[in-house]
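Student: Hi, could you walk me through this one? I'd like to start with how the strands pair up.

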Amino acid sequence: MYKYEAVIFDLDGVICKTDKYHYLAWKHIADELNIEFNQEINKRLLGVSRMESFDIILEKYKGQMTDKEKIKWTDKKNEYYRSMLSQMSPDDILPGVKEAMESLRCDGIKLGLGSSSKNAKYILHQIQLDDYFDAVCDGNDITHSKPNPEVFVKTAQLLQCEASRCLVVEDAIAGIEAAHAGGMDCAAVGSIAISSLKAEYNIHAFSDLLAVFRK
């Protein structure tokens, strides 16, 4: 019997990378508002919601902006972003991900997706992984983004699994903190998450994830 009966994946940076599209879309908005925006600021947006990301960008804004205006600009950012996402295909799936998911499914492990992105289902469709998950919870289903555990807690509920029996795979520190806040262990992928030393497991390749289940 395995320690975990389900794996809950984050999307961006774990299954595929859309950070370049996020950066370009936010850069477009920042340029229109004459706000400084660079890769260092962009790193702070990792794993947080669209509106929270915009609030971080607005730290460099010299004017005032109402909530209604913020919604207008974040909607505009999403339009830029979605137009770029239409270019995505199965070629954008990160190495080893699909094979690991297929192997986990063969072993009877449930698969869930827990993402703060409101475009998660669209991205899964574009990369043709929408049929791989037993449960999907994204930014349209939650009111609090990571590090709040809501997205992972709801995914576990949809999977009908206890939190302690779920392993979260994350590339962001906020995501690791969300997993722990929800009572779940976490496997870190990517240099930022791994170097934080906050996760129970460090995944340098997806074969490492399979090894967690086969110890």
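Tutor: Happy to. Keep in mind that this is a predicted model.

Student: What else does E2 pair with?

Tutor: E2 also pairs with strand E3 (residues 135–137), in the parallel sense and over three bridges. Within that pairing, Leu113 has Val136 in E3 as its bridge partner.

Student: Which helix goes with E2 and E3 in a β-α-β unit, and what's the handedness?

Tutor: That's helix H6 (residues 120–126), and the unit it makes with E2 and E3 is right-handed.

Student: Why is E2 described as largely enclosed?

Tutor: Because four of the five residues of E2 (residues 110–114) are buried, the strand is largely enclosed by the rest of the structure.

Student: Let's switch to the core. Which residues touch the most other members of the largest nonpolar core?

Tutor: Phe9, Ile15 and Phe133 do, in a core of 39 residues. Helix H10 (residues 206–213) gives the most to this core, with five residues. The core also draws on both domains, taking at least three residues from each of domain 1 (6–16 + 92–214) and domain 2 (19–86).

Student: What does Phe9 touch, leaving out residues up to four places away in sequence?

Tutor: Quite a list! Among its contacts are Val14, Ile15, Met101 and Leu104. From E2 the list includes Leu111, Gly112, Leu113 and Gly114. Phe133, Val169, Phe206 and Leu209 are on it too.

Student: Which residues are in the second core?

Tutor: That separate core has 21 residues, including Ile142, Ala156, Cys166 and Met184.

Student: Now aromatics. How many aromatic pairs are there?

Tutor: The count comes to six. One of them is Tyr4 with Tyr201, an edge-to-face pair at 6.3 Å centre to centre, with 85 degrees between the planes. It links distant parts of the chain, since Tyr4 lies in the segment before E1 and Tyr201 in strand E6 (residues 201–203), 197 residues apart.

Student: Are those two tyrosines buried or exposed?

Tutor: Both Tyr4 and Tyr201 are buried. Phe9 and Phe133 form an edge-to-face pair as well, at 6.3 Å centre to centre and 75 degrees between the planes. Here Phe9 is in strand E1 and Phe133 in the loop between H6 and E3, 124 residues apart. Both of these phenylalanines are buried.

Student: Which rings join up into a cluster?

Tutor: Ring pairs link Tyr2, Tyr4, Tyr201 and Phe213 into one.

Student: Last one, Lys70. Where does it sit, and why does it count as buried?

Tutor: Lys70 is in helix H4 (residues 67–85). Its relative accessibility is 17%, and the cut-off for buried is under 20%, so Lys70 counts as buried. Setting aside neighbours within four places in sequence, Lys70 is in contact with Met51, Phe54, Asp55, Leu58 and Met65.

Methods:
Residues are numbered from 1 along each chain as its sequence is written. This is a predicted model: local features need pLDDT of at least 70, side-chain atom pairs count only at pLDDT 80 or more; totals for chains, interfaces and linings use all residues. Side-chain values use heavy atoms; hydrogens and water are left out. Buried means under 20% relative accessible area, exposed over 50%, partly exposed in between (1.4 Å probe, protein chains only). Helices (H or I, at least four residues) and strands (E, at least two) are DSSP runs, numbered from the N terminus. Two strands pair if DSSP finds at least two bridges between them. A crossover is right-handed if, with the strands pointing away from the viewer, the path from the first strand over the helix to the second runs clockwise. A nonpolar core is a set of buried Ala, Val, Leu, Ile, Met, Phe, Trp, Tyr and Cys residues joined through side-chain atoms within 4.5 Å. Domain bounds come from an automatic or database domain assignment. Contact means heavy atoms within 4.5 Å. Rings of Phe, Tyr and Trp (its six-membered ring) pair if their centres lie within 6.5 Å; planes under 30 degrees apart count as stacked, over 60 as edge-to-face and the rest as tilted.
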